[in-house]
Amino acid sequence: MKPRGGHISESCRPISEILSRIGDKWTSLIITRLTEGPLRFNELKRQVHGISQKVLTATLRGLERDGFIERRVEPTVPPAVEYSLTPFGRELAEPLMALTRFALVNSQRMEAARQAYDERNGTPFTEASKPRRPMRLGMN
């Protein structure tokens, strides 16, 4: 995994890697869906609206590789593949669910703060107006 915007110290690398994994919107949605129990691929695809089959496959592989989910294949014709959280994945689900609850409870507060900021500054924030400075993690 290449750092974005500069060097990441060895002490920050584990934090950066975890945040990169869980900061992906698809990862968060998949993990939260799997907290309710194991799901087959197509069930997961239906529940995670907007994800393509290719991205779902890649995300599931990454989560399996990182130890957050397990893939179980039933020897049927065609094979039935089911995904579930590992104990490690259930540990990750706890803070993700807390963050999800925080987002749902506070989304209107954030939108109000954005509107107030835009009114004070005269123009709405856009990605184009975002400052382009390298991100540095100041933890050593």
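Let me begin with a definition: a contact here means heavy atoms within 4.5 Å. Among contacts in the protein chain between residues at least 6 apart in sequence, 50% join residues at least 24 apart.

The model is predicted, so that local features need pLDDT of at least 70 and side-chain atom pairs count only at pLDDT 80 or more, while totals for chains, interfaces and linings use all residues. Residues are numbered from 1 along each chain as its sequence is written, and side-chain values use heavy atoms, with hydrogens and water left out.

Turning to the fold, the protein chain has 5 helices and 3 strands, taken as DSSP runs numbered from the N terminus (helices H or I, at least four residues; strands E, at least two). From the N terminus on, their order is α-α-β-α-α-β-β-α. Of the 140 residues in the protein chain, 26% are buried, where buried means under 20% relative accessible area with a 1.4 Å probe, protein chains only.

Leaving aside residues up to four places away in sequence, Ile69 touches, among others, Ile31, Leu34, Leu60, Tyr83 and Leu85.

One backbone detail deserves a look: a cis peptide bond, with omega about -10°, joins Val77 and Pro78, and Pro78 lies in the loop between β2 (69-74) and β3 (80-85).

What lines the second largest pocket? A pocket is, on a 1 Å grid over the protein atoms alone, an open set of points where a 1.4 Å probe fits, with protein on both sides within 12 Å along at least five of seven lines, and lining residues have an atom within 4 Å of a point. The lining consists of Arg40, Phe41, Asn42, Glu43, Arg46, Gln53, Thr57, Pro79, Ala80 and Val81. Of the elements, α3 (41-47), α4 (53-65) and β3 each supply at least two lining residues, and α3 gives the most, with 4 residues. The volume of this second largest pocket is about 190 Å³, counted as the space filled by probe spheres set on the points.

Key
Buried means under 20% relative accessible area, exposed over 50%, partly exposed in between (1.4 Å probe, protein chains only).
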